[in-house]
Amino acid sequence: MCENCKKKYYLTTAIAYTSGKPHIGNTYEIVLADAIARFKREEGYDVYFQTGTDEHGQKIQLKAEEAGITPKEFVDGVAGQVKEIWDMMNASYDNFVRTTDADHEEQVKKIFKKLYDKGDIYKGYYEGLYCTPCESFFTEAQLVDGKCPDCGREVVKAKEEAYFFKMSKYADRLIEHINTHPEFIQPVARKNEMMNNFLLPGLQDLCVSRTSFSWGIPVDFDPGHVVYVWLDALTNYITKIGYDADGNHSDLYKKNWPADLHLIGKDIIRFHTIYWPIFLMALDVPLPKQVFGHPWLLVGGGKMSKSKGNVIYADQLVNMFGVDAVRYFVLHEMPFENDGSITWELITERINSDLANTLGNLVNRTISMSNKYFGGVVENKNVCEEVDEDLKAVVTGTRDLAIAKMEELRVADAITEIFNLFKRCNKYIDETTPWVLAKEEATKDRLATVLYNLTESISIGANLIRSFMPETADKILAQLNTKARDFDSLTTFGVYPSGNKVTEKPEILFARLDEAEVLAKVEELYGSKEEDKEPGMVEGMDVEEKPIVTYDDFDKLQFRIGKVLSCEEVPKSKKLLLFQVQIGNETRQILSGIKKYYKPEEMVGKNVMVLTNLAPRMIAGLESQGMILSAEDDEDNVFVMTPDKDIKPGAEVC
């Protein structure tokens, strides 16, 4: 197909926030996007694949201050780290953007001014609840158990002068677009969440500038204000392909916008399906065709978190298993809309069963038999039997099955279809018993036909798996002494040249792993070493450290001992228990999210540690007048902090 005749496909990932090194859950997104981009190229699309880093915001400024360096120095280091990991995973992106790039910053300033001049942005005063890690404001009603609905962390009251965007002005138009374009938000559950939880109840105007920190793109007509990180970050999808707020757009922008797919994590779906399309409407720019909010990759069922000490990084996995094994695992194990799970044991199991056995052993056996019986020459003698037709039907039908799954972004299902091809080849070996055919001269031509059929089938399968496991596919094709073929030819059986000679010594693609050895190596490389511990130390937990506070800050907090007088479950809450706690000569009502770990009757009579001068807040419609302190271990167990001896209620903890 000529280059000018190809249909364009513009694909983006969310840009990685440069607050720290991305873990395998973050890295999954770039691998998923790369698989989609590669597959679209195989189909003949002219793909433009953009990724990059999001580098402004309060959280980054705080981290840079903690590290004793400038914010730019901090993000330079993390952005370099992100790019190294993306490259290590063989991501075939066309553009790696940084929101500190001068051309992006210039356009963000112009976009902000354009929206202000249009009357969509106005100056006001903000007072609300703010989550620093998420760079987001929330109302009391949006909190979950009094915490950030996105990350579950504490929120703080914030009050400052700010600019606001008139979100409600475009809400009805967005609702109509979502209703008339059912493909716009996928999966459907994400669409329902956005409609029911945010759009239909009514949108509040959005804070789009900050004055409490300086690390951001300045609002050039009002010194002291910096552009709110989401207006800055989201616009990279147009600014970095040449959008110009003055109308002087680049050819790249004219060719590629609107984006065909924004691929993002489900935790930022609100920003991409409400804020972003409304910004575009205000700019008179077409909306992206689809936003897909993929699920999370969990460690053994729990969210990856430095504070929990359960973070797994891509380079750790690659060092242990290799790039393509890791790519296969994260792509194959992630369901379409439910969270996936990753453990060292599960990776080992999948490599052994799918990669070493189903795929690797198939390739090795087939090449070895060709060498053993025919000196490596693969020739089609056309001695056919009925069993061949079923093999050929499966093999030539796989491409279209994979295309259908990829059209729905069901990448794991597409890989399953391709591995069904390899499984059918293994079954074909059992059905045709080449080792038996080799015993008789009269069946040698039949044997040659069987081995040709296997070689052609593996060749087609290798071409199909290239988008997901590019290095492995190229290794297989090299061992078969053939090259990648046109995607359209993968529905035709018999393209592999008869008389071709395979490699003399097939390479082991994936060696079988011993789980005990893998876990021992994990412990050796990433676990605590006994010799590094001080006498009397036991296995400890590493948690993400918070910023240093002064003694004056700490002295503002008051901790006292409280005696639990009563405890009961909060109706319709999965987490909350309602306590009546005696502190000194008064009784406080306190809510605590420990229902999963304690029965109400277990708590009655206990002495507990309470933060008593915390401002009261409404949780689930009830006032909570303090906080009961507890600790969480690395297995997500929670333990209420209690004194080791009986003490009067009200005693101060010091």
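Me: What does "buried" mean in this predicted model?

Reply: A residue is buried when its relative accessible area is under 20%. The model to which this is applied is a predicted one.

Me: What makes both faces of strand 13 count as covered?

Reply: Strand 13 comprises residues 291-294. Val291 and Gly293 lie on one side, Phe292 and His294 on the other, and all are buried. Buried stands for under 20% relative accessible area, so both faces of the strand are called covered.

Me: Why are strand 8 and strand 13 said to pair?

Reply: Pairing requires at least two bridges. Strand 8 (residues 185-186) and strand 13 have 2 bridges, in the parallel sense, and therefore they qualify as a pair. Gln186 stands opposite Phe292 of strand 13.

Me: How do you know that strand 12 and strand 13 pair?

Reply: Strand 12 (residues 261-265) runs parallel to strand 13 over 4 bridges. The requirement is at least two, so these strands pair as well. Here Gly265 is placed opposite His294.

Me: Why is the unit of strand 12, helix 10 and strand 13 called right-handed?

Reply: The term applies if, with the strands pointing away from the viewer, the path from the first strand over the helix to the second runs clockwise. Strand 12, helix 10 (residues 269-282) and strand 13 form a right-handed β-α-β unit, which means that their path meets this condition.

Me: What share of the protein's residues is buried?

Reply: Of the 654 residues, 53% are buried. The secondary structure of the protein comprises 21 helices and 27 strands.

Note on methods. Residues numbered from 1 in each chain as written. Predicted model: local features only at pLDDT ≥ 70, side-chain atom pairs only at ≥ 80, totals over all residues. Heavy atoms only, no water. Buried < 20%, exposed > 50% of the residue type's maximum accessible area, 1.4 Å probe, protein only.
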